[in-house]
Structures are given as C-alpha cells and as structure tokens.
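Here is a short report on one protein chain.

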Amino acid sequence: MMKKLLGACTAIAMAVTSGPIEASGQTEAERGLAVFQEWCVSCHGIGPGHPGTQALDHRYQGVLPGALEQRTDLSPEIVKSFVRNGISVMPFFRKTEISDAELDTLGAYLSRNNPR
C-alpha cells in the first residue's frame, strides 16, 4: 500500500514539474498540433494541394512562408482572430467547432516559432 502511494505521489510530482500535461498525457504543443491537423491542415498544410498555403504563398511572394507551421511572426492573438472571424475565403469557426481551450493550444502551437 505504501509503495503504491509513494509511486502515485512521485508520478504526480513528475507531471507537475515536467510541464503542462493534460489527463490525456499530451503536452500543449501536441494538443495544438492535433487541433491543427483536425481543422487546418487540409487548407494550410505544407506543400502543394493546400489552397490556404497557396493563397498565402501568392500573397507574400516569398517574403513570408505561406505554410502557417513555418511562420515565425504569428501570435496566439492573431491566430485566434483569424479563426474566430475568418478572412477572405477562410471561414470563421464557432466555439462549438473549435473550443476556446482548443484555440488556445492552436495559437500556442502556431506561434511556437515566434521569437517575440
């Protein structure tokens, strides 16, 4: 009994000190990547055949990458704004589609390359 209790306390301490981990065992970055893959990658993935990436490649003409995962200038706030409000032909997404918590992880994921 004491060994089980000690093991449980050790596991909790390791989880608390090793960074943000949800009950699912995923880090915030992993959860953000999962949201990106579910909702965004079909339009904004890397490579040809992704209309959002192609549109941004055309718009930025090489000044910025069209693929969102390669950007270094995105902030969580701008990601949230585009997702909730849409832009050009990109539709907006309701909270019933992408929750505020999921949007937070998506914003953190897409802004991970931003040196701020």
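## Fold

The chain has five helices and zero strands. In sequence order the pattern reads α-α-α-α-α. This is a predicted model.

The chain has 116 residues, and 28% of them count as buried. Take the contacts between residues at least 6 apart in sequence: 48% of these join residues at least 24 apart.

## Nonpolar core

The largest nonpolar core holds 14 residues. Those with the most contacts inside this core are Phe36, Leu68, Val79, Val83, Ile98, Leu106 and Leu110. Three helices each supply at least two core residues: helix 2 (28–44), helix 4 (76–85) and helix 5 (100–110). Helix 5 gives the most, with four residues.

Which residues does Leu106 touch, leaving aside its neighbours within four places in sequence? The contacts of Leu106 are Gly32, Val35, Phe36, Cys40, Val79 and Val83. Among these partners, Phe36, Val79 and Val83 are also listed with the most contacts inside the core.

## Surface

The accessible surface of the chain comes to about 7,800 Å². Carbon and sulfur atoms account for 62% of that area.

Ile78, Phe82 and Ile87 form a nonpolar patch on the surface. Together these residues have about 210 Å² of accessible area.

Key
Residues are numbered from 1 along each chain as its sequence is written. This is a predicted model: local features need pLDDT of at least 70, side-chain atom pairs count only at pLDDT 80 or more; totals for chains, interfaces and linings use all residues. Side-chain values use heavy atoms; hydrogens and water are left out. A nonpolar core is a set of buried Ala, Val, Leu, Ile, Met, Phe, Trp, Tyr and Cys residues joined through side-chain atoms within 4.5 Å. Buried means under 20% relative accessible area, exposed over 50%, partly exposed in between (1.4 Å probe, protein chains only). Contact means heavy atoms within 4.5 Å. Patches are made of residues with over 30% relative accessible area and no salt bridge: like charges are joined within 9 Å, nonpolar side chains (Val, Leu, Ile, Met, Phe, Trp, Tyr) within 5 Å. Accessible areas come from the Shrake-Rupley method with a 1.4 Å probe; for residues, only the protein chains shown count as cover. A salt bridge is a side-chain nitrogen of Lys or Arg within 4 Å of a carboxyl oxygen of Asp or Glu.
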